Structure formats: structure tokens, C-alpha cells
Amino acid sequence: MPTIKRLSFIGLEYACAPEKAYGMSRGGGFRRQSSLIEVETDQGVRGVGEAFGNPFVSREYFRMLEPMFVGQSIFDFDHVEARVRNAIYHLGVGNQLTACLAGINAALWDAIARGFGVRVCDLIGGCGTTRIPAYASTGFFSDDPDRQLDHMLAEAAGHPYAGAKIKIGRGIRNDVERVRRSREALGPDKLLMVDINGAYTADIALECARAIEPFGIHWIEEPLPPGDLRGYAELRARSPIPLAAGEAHHTIRDFRALIADRCIDIVQPPIPGVGGPTEAQRIAALALA
């Protein structure tokens, strides 16, 4: 049985000039950070996965996790993960430990598929399609005078994306203006999504939804803070636009509450944020049920 010979960690950071900072309703920045984790088996097969978030934080979790995985079977992720969770459960899971586990998990899936000469999709139930529609995640709030909303929208409109998602959440009047300009730039046929990044309370989010509904919004993403599950359920019952969330929720337990309480219409588990492909499969099974 192939075993894990070694793990390696590579921190990544892209930085623009501070005066060109960009971001969302909660604030901006000029750095994007992540990490790569590589697994090598005793048979010389390698796999790579992504660990989301600040690489300096992820590296410390990696140092803790590395000796727990080395020497284990490439199929033993679930068992090692359970030991990790049990050992430090007092500190919760909504942190970069989960992100680091996601990187290891994805790397193991990659190594298993490469070792057996199959695709990862073959390991998780088969490949139902080879093409999927994609949208442009764009329309950030930007400090760069040469990189404003209209510039970003022109790129999205000129590319064969299915649609675009823009940032809003800095007041209803501003929301309506940004959505109006976006719809004009994209035309009537492309999908338009908006992302509030959890900046509103349920009453303001409902006001926003009603104000932007005439512009044909496909979904509102993260209208409320991730912990406001009651607010999500109340808002979904009244919103004229479907709700989506998941980027700030972690592991199957968070998503169980979102799904069971009918908080959202669209479930969005990011693989690097929820713990990897294994946890994402568990969440998908909940959504299916």
C-alpha cells in the first residue's frame, strides 16, 4: 500500500502597489495569499493541493500536521483528520487548520489519481461533463483610478463568460448604482451576481434585494455575517432574489445548519476553505439530500 514519504510547503503571495488596493464591502488590501502543499509517496508519486489564507499562519499548522501524516497510507486521511480534530477541538475549526488540512487532502487525492493513472473525477463518482460554465468574479471596490468598476466590467463583457459577480454592500444607493452600471455593461443576457461579504443585517439586506431586483440578479452572495443563521432563514423567506453562501462557513457542521434550516438557495463550499475534496463531498451529499 502506498504511504506518504514526505510533505512540503510553499507559501505564495502576490502584492500590488498599496495605492492600488482593492477589495470588498468590509475593506480592501493589496496582497493575495495562499500556499501549496505537495505530497510525495514512497513510490515517487506526487500530488499538489492548495491551502487558503496567510501562508505564515498555514505554515505553523503544517509543521504540526506533517509528522502526523508522514508514514501513513495515502488512503488514511479521514483517520488522521479525526485524530487532529479530537486533539484540539477546544479551538474550533473555523481557522487555517482547516485550510491546511484541505491542502493535504487535495494533494492526496491528486497523488492517488496519478498513482493509479485515473482522473480525480473518476475517484469521486465519475465525470458527468467536461465543460462547465464560469463567471467572472470581478467588480471589486478599487483605489486604482485606472482599475475601476467600468474597466472590470468591460473585460467581463468582452469575454465569453456566462456572467459576472460584483462587490456591493456599502449602502443601498451605492448598491443600486453599481448594479445598474453592471447590467448596462453586461447586457441583458449575461448572468449578474452580487456579493455583500456579510456586511448587512437582515433588514438592510432585504431592502437591498428589493432595490436591485429589477436588474435581473441571479443570486445575492453572503448578504449576512456567517453566524446569523436565523437572519439568513428570515431573509430567504422574504427575499425576491435567491441567496448563496458558504465561503465563510467551515466543515459539514456549518453547512448542515445552513441546509437544514433553509437558510440559502445555493450552497457554496469552497474546497480550500472547508477542509478539502473529502469534506466538500460530504457537504454535497447534504445538499443532495
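Here are some friendly questions and answers about cysteines, salt bridges and a surface patch in this predicted model.

Me: How many disulfides does a search of the whole structure find?
Reply: A disulfide needs two cysteine sulfur atoms within 2.5 Å. Cysteine 121 is in no disulfide, and its nearest cysteine sulfur, that of cysteine 127, is 3.7 Å away. For cysteine 208, also in no disulfide, the nearest cysteine sulfur belongs to cysteine 263, at 19 Å. Over the whole structure, the number of disulfides found is zero.

Me: Is cysteine 208 buried or exposed?
Reply: Buried means under 20% relative accessible area. Cysteine 208 has a relative accessible area of 1%, so this residue is buried.

Me: Which helix holds phenylalanine 116, a member of a nonpolar surface patch?
Reply: The patch covers about 640 Å², and its members include Met1, Phe75, Phe116 and Val118. Phenylalanine 116 has 53% relative accessibility and therefore counts as exposed. Its place in the chain is within residues 96-116, which form helix H3.

Me: Which residues are linked with Asp78 and Arg282 in a network of salt bridges?
Reply: Both of these residues are partly accessible to the probe: aspartate 78 counts as partly exposed at 38% relative accessibility, and arginine 282 is partly exposed at 28%. The network that links them also takes in Glu81, Arg85 and Glu279.

Me: Which helix contains both glutamate 234 and arginine 230?
Reply: Their side chains meet in a salt bridge, 3.1 Å from N to O. Glutamate 234 is partly exposed, with a relative accessible area of 42%, whereas arginine 230 is exposed at 66%. The two sit four residues apart, about one turn of the helix, and that helix is H8.

Me: Where does aspartate 265, the salt-bridge partner of arginine 236, lie?
Reply: The side chains of arginine 236 and aspartate 265 meet at 3.0 Å, N to O. Arginine 236 is partly exposed at 30% relative accessibility, and aspartate 265 is partly exposed at 38%. Arginine 236 lies in helix H8, so the pair ties that helix to a part 29 residues away in sequence, with aspartate 265 in the loop between helix H9 (251-260) and strand E12 (266-267).

Key: Residues numbered from 1 in each chain as written. Predicted model: local features only at pLDDT ≥ 70, side-chain atom pairs only at ≥ 80, totals over all residues. Heavy atoms only, no water. Buried < 20%, exposed > 50% of the residue type's maximum accessible area, 1.4 Å probe, protein only. Patch = residues over 30% accessible without salt bridge, like charges linked within 9 Å, V, L, I, M, F, W, Y side chains within 5 Å. Areas by Shrake-Rupley, 256 points an atom, 1.4 Å probe, with all protein chains shown as cover. Salt bridge = Lys/Arg side-chain N within 4 Å of Asp/Glu carboxyl O.
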